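Reader: Could we go through this model together, beginning with the ligand site and then moving to the fold?

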Amino acid sequence: MIDPGEQEPEAAELVRPYVITDGRVLPEDDRFSLITLVTASADHEQRMARLSPEKRAVLELCGGGYLSVAEIAGHMRLPVGVVKILLSDLADGGYLVTRAPAPRATLVDRQLLQEVLDGLQARFG
Amino acid sequence: MDSRPVLDDGAYVRSAVQTAAKILVVGHFAVGKTTFIGTMSEIPPLRTEETMTQAAAGVDDLGDVRGKTTTTVAMDFGRLTINDRLVLYLFGTPGQQRFVQVWEDMSRGALGALILVDPERLEESFPVMDLVEQYGLPYAIAVNRFDGTPDRPDEELREALDLLPETPVVTCDARDPKSSAHSLMVLIRYLQTRIS
Ligand SMILES: Nc1nc2c(ncn2[C@@H]2O[C@H](COP(=O)(O)OP(=O)(O)OP(=O)(O)O)[C@@H](O)[C@H]2O)c(=O)[nH]1
Ligand SMILES: [Mg+2]
């Protein structure tokens with residue numbers, strides 16, 4: 001866990017992520033939001049050999065179960081944008097299974113809000 | 001990234017979970033966002049950075065590499081399993097206008113926002129309220145009462161913050177799970193009224 005009081009990194013530390021992504025700039029990729037849930041596909045381990053160490057690390061991390069994109073970034077200590085690029089490539093290669101976020105409140109059925117309310121009530125009463 | 005972090009099972013979302021929802025916990029500097037998220041989260045709160053690019057004014061070495069300058073903005077977040085099929089994420093976001101790019105990403109798909117305010121420093125909440133409104137997020141106000149803060153009548157606060165009559169105002173101690181959960185529930189009930 002990163003100490004939430006930690007200083008923001010100096011700009012120089014940002015060089016590394018750009019190396020990891022081969023200098024690519026973020027495509028506006030709507031496939032992954034901060035809360036898209038991601039896990040490794042069942043057969044991912046058979047096809048890891050040619051992946052970069054970073055992509056392998058992502059797969060190993062999310063091989064244990066579902067995590068949100070934000071959680072993957074937090075655990076890997078990489079900026080969200082970089083993680084999205086890695087995930088896009090992995091998804092293209094068929095390495096990932098994803099679960100999309102719930103649509104936002106204006107479109108949402110009452111059921112989602114009721115579930116959140118009931119869940120909070122049950123836990124914190 | 002030094003090595004792959006090893007996580008225990010509890011770090012993962014339960015496998016039956018089908019979808020995730022998101023609420024923003026926002027407010028000015030040191031108003032209690034991180035505390036609130038830590039109080040509510042079932043996982044140790046995480047922090048991640050968004051990299052923002054801006055057209056380079058004075059081009060430095062890094063700027064040469066990418067043709068842009070970058071800044072990072074940190075955001076804290078936590079997770080709460082609502083039931084077998086649904087998890088809720090809480091994202092804490094700083095309220096400065098210069099972070100609009102991050103706001104775009106954070107607000108997309110959010111159910112709504114809980115705006116934490118310190119009754120002693122109400123005017124510091126204006127920029128963040130502007131952002132929340134700009135991104136069209138429905139919100140409730142949680143008055144984070146620090147020790148020794150005198151009671152302030154609701155009406156006075158509503159007027160000072162220029163709230164609509166229907167906007168909920170609730171008092172909240174960000175260190176207390178029950179109190180924090182209650183403010184989230186007030187927000188959810190308000191969201192329910194808006195989709196009838
Ligand atoms: N008495 C009291 N203190 C609080 C409460 N919430 C937060 N604090 C304290 O206020 C200080 C700031 O809280 P944080 O949670 O770090 O605030 P923040 O909004 O995340 O701050 P930044 O991320 O720096 O903008 C900490 O020392 C907290 O312990 C509260 O409800 N009551
Ligand atoms: Mg904070």
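Reader: What lies 2.9 Å from a polar backbone atom of A30(B)?
Author: An oxygen atom of ligand 1 does; a polar contact here is a pair of N or O atoms within 3.5 Å, and within protein one must be able to donate a hydrogen and the other to accept it, with residues adjacent in sequence counting only if both atoms are side-chain atoms. Ligand 1 exposes 650 Å² when taken alone, and the protein buries 69% of that, the areas coming from the Shrake-Rupley method with a 1.4 Å probe and, for residues, only the protein chains shown counting as cover.

Reader: Before going on, what should I know about the model and its numbering?
Author: This is a predicted model, in which local features need pLDDT of at least 70 and side-chain atom pairs count only at pLDDT 80 or more, while totals for chains, interfaces and linings use all residues. Residues are numbered from 1 along each chain as its sequence is written, chains are lettered from A and ligands numbered from 1 in the order in which they are written, and side-chain values use heavy atoms, with hydrogens and water left out.

Reader: Which other polar contacts does ligand 1 have?
Author: One is from a backbone N or O atom of G32(B), 3.0 Å from an oxygen atom of ligand 1.

Reader: Which residues come nearest to ligand 1?
Author: A30(B), K33(B), T34(B), T35(B) and N144(B), out of 15 residues around the ligand, where a residue is near if one of its heavy atoms lies within 4 Å. By class, this shell holds 5 nonpolar, 5 polar and 5 charged residues. Helix α1 (residues 33-40) of chain B gives the most to the shell, with 3 residues; helices (H or I, at least four residues) and strands (E, at least two) are DSSP runs numbered from the N terminus.

Reader: Back to A30(B): what is its phi?
Author: Phi of A30(B) is near 60°, a positive value in a residue other than glycine. Most residues other than glycine have a negative phi. A30(B) is in the loop between β1 (19-27) and α1 of chain B.

Reader: Why does A30(B) count as partly exposed?
Author: Because its relative accessible area is 47%; buried means under 20%, exposed over 50% and partly exposed in between, with a 1.4 Å probe and protein chains only.

Reader: Changing topic, how many helices and strands does chain B have?
Author: Chain B has 6 helices and 7 strands. Along the sequence they follow the pattern β-α-β-α-β-β-α-β-α-β-α-β-α. Of the 196 residues in chain B, 57% are buried.

Reader: And S183(B), where is that, and is it buried or exposed?
Author: S183(B) is in helix α6 of chain B, and it is buried, with a relative accessible area of 0%. Leaving aside neighbours within four places in sequence, S183(B) is in contact (heavy atoms within 4.5 Å) with F36(B), L114(B), A142(B), V170(B) and C172(B).

Reader: What about T93(B), which strand holds it?
Author: T93(B) lies in strand β4 (residues 86-94) of chain B and counts as buried because its relative accessibility is 1%. Among the residues that T93(B) touches, not counting those up to four places away in sequence, are V25(B), K33(B) and W103(B).

Note on methods:
Ala, Val, Leu, Ile, Met, Phe, Trp, Tyr, Cys and Pro count as nonpolar, Asp, Glu, Lys and Arg as charged, and the others, Gly among them, as polar.
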